[in-house]
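Visitor: I would like to be taken through the contacts in this assembly, one question at a time.

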Amino acid sequence: MEKNENAEQLLKERVLRLKTATELKEPDRVPIFFPTETWLASYTGYTVQEIIYDYNKMIKAIEKSIQEYRWDCVWGVGSIWPAQIFDAVGRLDYAASGSAFQVPDESYMTPEEYPELIADPYTFIVEKIMPRRCPELAKTFPRNAIALGKGASAFALFRSQMGAVARGWLQAFGIPLLVSGKTHPPFDMVSYCRGLKGLLLDTKRHPDLVKEACEALLPISIKYAMISHRVTPGGFSTVFVPPDAAILLSPSSFEKFYWPTFSKLMEAICEKDYNAFMMLEGNWEPYFDFLAQLPKGKIIAWMESTDMEKAKAVIGKTMCIAGDIPCALLGYGTEKEVIQYTRNLIDKMAPGGGFIVCSDKEMISHNDAKPENLLAVTKFVKEYGVYRK
Amino acid sequence: MADTKNMLYVPWAEKRKEIEIAFDNEEQTAKAWDRGEDLMFLYIMTIALM
Amino acid sequence: METDFLKGAIADLDEPKILQLLGELENSESSDLIIHDVIMSIQEGMSEVGNRFEKGDYFIAELVFAAEISNRVMAVLRPRIKKLDIPKKGKVVIGTAKGDIHDIGKNIVRDMLEATGFEIYDLGVNVPAVKFVDKIREVNPEIVGISGLLTLAIESAKSTIEAIKEAGLREHVKIIIGGNPMTKPIATLVGADEATRSAAEGVEICKKWVEG
């Protein structure tokens, strides 16, 4: 991998730019990046299955995009995991989808099992949820032990490989990795055990159990963030938090069931002086008043369907707002349309800082962006997005 | 609220009760017992929950 | 049995009340007229649920609960409805587009449409175009619904509609696409008649299509 000539200088500029925006100030220009996921396959001429089974191809694809677009950070692998870590334990849903990381909504516990989950959540997850979700682990010893061993080995190799690769990108391309750690808010963790549909019904039929289950999972949710996150000296990276289930709840249900443990999780992350990157799918306007209470200047809020101007007005003093060029436009629109949208966006959102340009969604399929449109908008933002003092 | 210590699947404190060997360096042994715990935690989070 | 109470209980998603009223119904020797009133009440109650969703009082959690309640109610009423031979409003073939496995929204629409009096053929998730075409040929529906949460569903919906055209069936059906990426411009792009991002709106569109 050839080193970019001024990689060190580039890194300093990019990190400062991202930090300044996150701290709700005006950097030298609006930062830009695109969250490339399985879109990278068609971009490089691979199939999705190729990149999830041969990780070197995945890495090559990311590096091609780094070199071509020179955004301010690299999204990283996102949800594109090596398929082996799932295959080994019998979770074939990832490979079967062949298109993106999609998990079918299934319930792996009954409402009668809530007391067990609440009493000792990790043990319950390991002993009950894991083998129900991963068929190989439900088989007898030694088959299940070997399956877990194979999967964990693939996982360990993946993590050490990606650690080295990300450090390499930092040095050679002067580009920081935007997402380093991750976690799920407690309510979402309960949804992975109970199924989303099941949990939503439980909020009606067993509200107290739902509340207790969220509280029980809070330490696990926090631990997940702390253990997965790596702070890179000289870099800028965040803990990825997708509060997926929140928008399915009315604001009063959100306040009752979702907010208490979600806010405690976010406080724990920010108390450690980490930054968080929240993926806010759907329309978050009904929950603005809650978001405005989160720790200031440490969180990037990635908007998918929320009105950007309204977000800036209400929560722009609390968190950095990222978004929201529509993939529909990037994939089906003309260069002119994309530039016009972006110009408008920068006019509305850039003043005062605390703003990052990206797409409204993760780029998971071929039709999520035309490469020419990405080039055009990147060039445009690097010129038009400069903060003139 | 669950104690975070419970998240080590068999914490060293519990294991210690089973083992009647005297170790030269108790702290080192405890650390070695917990090695890989973080990786397994992350892996279990990935395959059991996501 | 007070059918007005039933309409209100459904609109309020008061499950205990609804089950109590259903219990009364099961135990009584209800005439066909009563059953007919019950069905109307349920439809009106579900319509009100849809209104409250559009107004922003109810969210997806309430729709999921409404669908679940309507499932329970329909399970009890189905044998009685069969005997009555109440005409269906129409037939709907529904499924999530190929490549997409999300189904919560689709299932809400399916259950609400059934409670509203449609006959539903649910093809499930990750449905290839040929399965849509085969089912349309088989049951001759008035409406076809293609659901999708991911943007890749746009391309799948497009291929599906093209396959329906090629099979000479496009003129015979109304097609609606539903889900987060399914906006009106996307409907034009893929060749659908309508698009919606709201389950409740989807149900209203289907009702308008058959009722005129």
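Visitor: Which chains share the most contacts?
Guide: The model is predicted, and in it chain B and chain C do not touch, their nearest C-alpha atoms being 15 Å apart. There are 2 pairs of chains in contact, and in one of them 19 residues of chain B are in contact with 29 residues of chain A. Of these 2 pairs, the one that shares the most contacts is chains A and B.

Visitor: How many residues of the side of chain B that touches chain A are nonpolar?
Guide: Chain B brings 19 residues to its contact with chain A. By class, 3 of the residues on that side of chain B are polar and 1 is charged, while the nonpolar ones number 15.

Visitor: Which element gives the largest share of the side of chain C that touches chain A?
Guide: The contact takes 19 residues from chain C and 24 residues from chain A. On the side of chain C, the elements that give two or more residues are α4 (60–84), α7 (152–166) and α8 (184–190) of chain C. The residues of that side divide into 14 nonpolar, 2 polar and 3 charged. The largest share, 6 residues, is that of α4(C).

Visitor: Which element gives the most to the side of domain 1 of chain C that touches domain 2 of chain C?
Guide: Chain C is divided into domain 1 (3–84) and domain 2 (90–211), and the centres of these domains, taken over C-alpha atoms, are separated by 25 Å. Here 13 residues of domain 1 of chain C are in contact with 15 residues of domain 2 of chain C. On the side of domain 1, the elements that give two or more residues are α3 (32–55) and α4 of chain C. With 7 residues, the element that gives the most to this side is α4(C).

Definitions and conventions:
Residues are numbered from 1 along each chain as its sequence is written. Chains are lettered from A and ligands numbered from 1 in the order in which they are written. This is a predicted model: local features need pLDDT of at least 70, side-chain atom pairs count only at pLDDT 80 or more; totals for chains, interfaces and linings use all residues. Two residues are in contact if their C-beta atoms, placed from the backbone, lie within 7 Å. Helices (H or I, at least four residues) and strands (E, at least two) are DSSP runs, numbered from the N terminus. Ala, Val, Leu, Ile, Met, Phe, Trp, Tyr, Cys and Pro count as nonpolar, Asp, Glu, Lys and Arg as charged, and the others, Gly among them, as polar. Domain bounds come from an automatic or database domain assignment.
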